[in-house]
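Hello,

Here is the structure I promised to pass along. Have a look at it first, and then read on for what turned up.

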Amino acid sequence: MTDWAYPDEFQTVGLGAQWVSVIGVVCCVFLLLSWAALPVEKTFRHYLSISLTTAVLLMSLGFVIPLAAQPEECFDAITPNSMATSSVCASSGSFLILGGWAGVLWVFLRALSLHLQICWQVVVGRNFMWFSQAFGWGIPILGVVFAIVFSGVSFRFGSTCHINHKNSLADLWIPLLVFAGLTIIIQFATFGYCIKVYLASLADNSASTEGSGLPSYTNSIRTMTPKQAYRRVRRVIELQWRGIAIVLIIVTDVIFFSIVFVFQDNTVESVKRDQSIAGEWVACLFLNKGDKKACLDKASVLVVNMPTVGAVLFLLAMNGIWLALLLGRWSMVTGWRDLIMGLFSDRSKREFVSVDARLDDLKKDTRSYEMLSRDDGKTMDDSVTPSIVTPVSPTAKLPLRSPTSTNRDSGTSNNDGRRTPDYFGHTARYHAPVRSFSSPRPPPQTVTWDAREAYARQGPEDQYVNPLGMNRI
């Protein structure tokens, strides 16, 4: 049908969309490998992003497989190949339906997660994650089974297999559009709440308790001031704006594709029911001896125009590129660079350079106490620290000693030459106070009370005080 109803450039459009899908597959594989191999501080991976990227990868494979296999589209002169006669058709159609289902459900779950966090202040945790995995992959698998069993796939237009018209509304298009519509409703409800909070914050003149030291109950919407709510919503949007953009892009693509394909199906079915619709086009082909170029204007009522179909194919093929632009980070590139350099660099050489760097830092330390001897130019202790630092004054050539050792040996202080004081020769002993509990102590055998420890007034030890008569006037 496409060979007769579309110009020759239609094949070029389909081929271009397939090559764009190849770029999208490369982008998705790069993201998945980065999330798997690099640390989380480089990638900021999240299971919602990983699952959505996997879904887009599956959908893109539906366009890449026919490009690699180059299948025969026609079974005979008037019948196209289907999943029963071509394994390439069956695999490409299955991947396309599975990726479409999974993409719609994962953007729905992403929009739902964002809505719960912003509007209801619900912290989505492990339970939501397991629910998302079961829902986000269980429903698409069932959807593929129902579509293959009750409708099937075949070469409808282009080299990619699409679902047949039979039962396709019930087992694919209507459920997809329902979830896509719910996603749009949830997303716009979240936007509406954000606008409401922003407008309320503009009209709020109360002083905020944020950062004032007063207790704030951030888990309750009713106890938060409008300005506090606006700050919280703004922080969440600043962190999640990439996910919001991805949700809108993929949902728009799916809705656009569904509407165009359903319209194409209805047009073809109307021609099957009433062949007179195509009578003018058939007569034109007969009069022009099969020259389709002369009859393309007559065929426009039978198919969707080529720019619209090309836009749908390119938008679907570009989803992987959008994911790389919005979910990818430059830190992923630097992380791969560090990982590759770490694998191929010499560990021992890197350690040697590190020691040299530390010695260079020591030489630049102006707080060093080492001195050069006047006679041999060596330091006081060359075996411990490098020889550096300050000039010496012209004094007597005596062996350098610390003042402590000089006083210990001779009993007098030798002032000839400059000396480095022995700052680190002795360590002051720490005497723990009596009442110190910095280290465990055994319990005392006898309990005594010393008035000097409590700074109490001392009196005669034999003085008796009657406790019942202490407060008498």
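A170 sits in helix 7, which covers residues 168-203 of this predicted model. Is A170 buried or exposed? Its relative accessibility is 61%, and exposed means over 50%, so A170 counts as exposed. In sequence, A170 lies 24 residues from F146, while their C-alpha atoms are 9.6 Å apart in space.

Now to another part of the model, where helix 2 (residues 9-37) meets helix 12 (residues 319-327). Their axes come within 7 Å and cross at roughly 40°. Because of that angle, helix 2 is oblique to helix 12. The crossing of helix 2 past helix 12 is left-handed. On the helix 2 side, the contact is made by V20, I23, G24, C27, C28, L31 and W35; helix 12 contributes G320, I321, L323, A324 and L327. Sorted by class, this contact between helix 2 and helix 12 holds ten nonpolar residues, two polar ones and no charged ones.

Which of its residues are buried? They are N319, G320, L323, L326 and L327. Viewed down the axis of helix 12, these buried residues fall within an arc of 135°, so they line one face of the helix. As background, an α-helix has 3.6 residues a turn, so residues three or four places apart point the same way. The buried residues of helix 12 pack against helix 2, and also against helix 4 (47-69), helix 5 (87-119), helix 8 (226-273), helix 11 (306-317) and helix 13 (330-344).

Best wishes

Key:
Residues numbered from 1 in each chain as written. Predicted model: local features only at pLDDT ≥ 70, side-chain atom pairs only at ≥ 80, totals over all residues. Heavy atoms only, no water. Axes fitted to C-alpha atoms, helices over the stretch in contact; angles between N-to-C directions. Helix = DSSP H or I, 4+ residues; strand = E, 2+ residues; numbered from the N terminus. Parallel < 35°, antiparallel > 145°, perpendicular 65-115°, else oblique. Left-handed = near helix turned anticlockwise from the far one by under 90°. Contact = heavy atoms within 4.5 Å. Nonpolar A, V, L, I, M, F, W, Y, C, P; charged D, E, K, R; others polar. Buried < 20%, exposed > 50% of the residue type's maximum accessible area, 1.4 Å probe, protein only. Arc of directions from axis to C-beta.
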